[in-house]
Amino acid sequence: MMYRRLSGVLFPVMTILLIGALVWGYQENRDKNSVLLKAENQYQRAFHDLSYHVDRIHGELGNTLAVNSDSTQMHRKGLMNVWRITSEAQGEINQLPLTLLPFNQTEELLSHVSQFSYQTAARDLTKSPLSTSELSNLKELYKRTGEISKNLQQVQNKVISNRLRWMDVESALATEKAAADNTIIDGFKTVDKKVSEYPELDLGPSVASVYKKRSVKKLDAKPVSQNEIRDKAAKFLGTQAGNIKVTENGAGTEWSSYTATATGAGKNASAVASLDFTQQGGDMIAYSLSREVGPRSVSADVARQKAGEFLKSKGFEDMTPVTYDEYDNMGSMTFVHSQDGVLIYPEKATVRVALDNGEVTGLQCSDYVYERNKDQKEQLPKAKLTLAEVKKHLNPEFKENYHRMAVIDNDAGQRVATYEFSGRINGSNYRIYLNGDTGEEEKVEEFLQAGTSRS
């Protein structure tokens, strides 16, 4: 009797639980399939768009080459279209699960196409039309993008005809068990292999400057030992060399460097200091002091003063503060090297100050180290136009706060003399850099006043 009663209660309960489990499992499976379907659709769309846009790039390059060599307007229009479409193609590559797949050669080629087309179209082609070398490069890029487009279309046709799934590619890459007969993987490998076999193009100094490696070899100095680095770090921190540990990074490569670490280097005994040095010449390129930062008690003006004094005490002469930001009770200031009253923006250093006591807790000075010629006074580019002549190029509604001379790197990676104007327009603060030879805008930057934030 007791068994029957117990069975009468448990059987309906177990039945309900079983049905609930089946319903839950069905819903979970349906949701999972829905997510997988959305991911598959996204991959398919990105891949087909990529194939379409590479074909468009090939077509636009052909259109640019088809017109007369004196048709500067059509050249500019065609190259801007190439740049725009290439940017879309690069975005589509980023949407595909290609992080583990060797497709970097093709990505690099598209990056060069994008940079070359943008920088060529951005200049005044009526004054500086396409050169014979640039036209030759366009012809070669037209040929190469045509081959890439053809190969991608072959993969695309197989994907469609065989109803291949990108989710299978992602699974194969994630498990590192990519099958030898995976059509999509093999197709992309084939495309990239062919691209890697192309001879390197000379796309000119403007493009090369974007991809140049800032190697420590440019420092033209002798390698230093770990003991020398230990002494340099001890001098910088004002501590004993025996308390410092030095490790080598990237041994045997052109990027080799040293990292020195020390505990109790700051005002806090538990703080850990880390300093990075170049192996050639032993120049310090970064310093960081890791510690807890307390409540704010230091003003922005005091922080700037502390940062300036710190730089001067460490051998950074003639540095001018140009930006100031705050976050998490930390003040971050960018200083620029100045010479004869001219700011040299490529030679900059960033200082981080803790706003609880004004202690400097960070210094990033790699730009200063790599870009500055320490041995002699630099020959700075000179502006041909006067201040009055350049001001004519400013927007009449621009309310100027100050102006000064500055040297910056333009889009071609070349140092140019500019007039820097700071002021307000349309309710926002801007710095506008006008070319000292032409008066044209080289760079426009919006900035926030210290202590303000975007709404």
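**Close-up 1: Ser 428, a buried residue in strand β11.** Ser 428 has a relative accessible area of 19%, so it counts as buried (under 20% relative accessible area; exposed is over 50%, partly exposed in between; 1.4 Å probe, protein chains only). This is a predicted model, where local features need pLDDT of at least 70 and side-chain atom pairs count only at pLDDT 80 or more, while totals for chains, interfaces and linings use all residues. Residues are numbered from 1 along each chain as its sequence is written, and side-chain values use heavy atoms, with hydrogens and water left out. Skipping neighbours within four places in sequence, Ser 428 is in contact with Gly 423 and Glu 446 (heavy atoms within 4.5 Å).

**Close-up 2: the β11–β12 hairpin.** Strand β12 covers residues 441-447 and runs antiparallel to β11, with 6 bridges joining them (strands are DSSP E runs of at least two residues, numbered from the N terminus; two strands pair if DSSP finds at least two bridges between them). Across the pair, Ile 432 sits opposite Val 444 of β12. There are 5 residues between the strands, and Gly 439 in the turn has a positive phi of about 80°.

**Close-up 3: Ile 244 in strand β1.** Ile 244 is buried at 6% relative accessibility. Leaving out residues up to four places away in sequence, Ile 244 touches several residues, including Arg 230, Leu 237 and Ala 260. C-alpha to C-alpha, Ile 244 and Thr 263 are 7.9 Å apart in space and 19 residues apart in sequence.

Definitions and conventions
Helix = DSSP H or I, 4+ residues; strand = E, 2+ residues; numbered from the N terminus.
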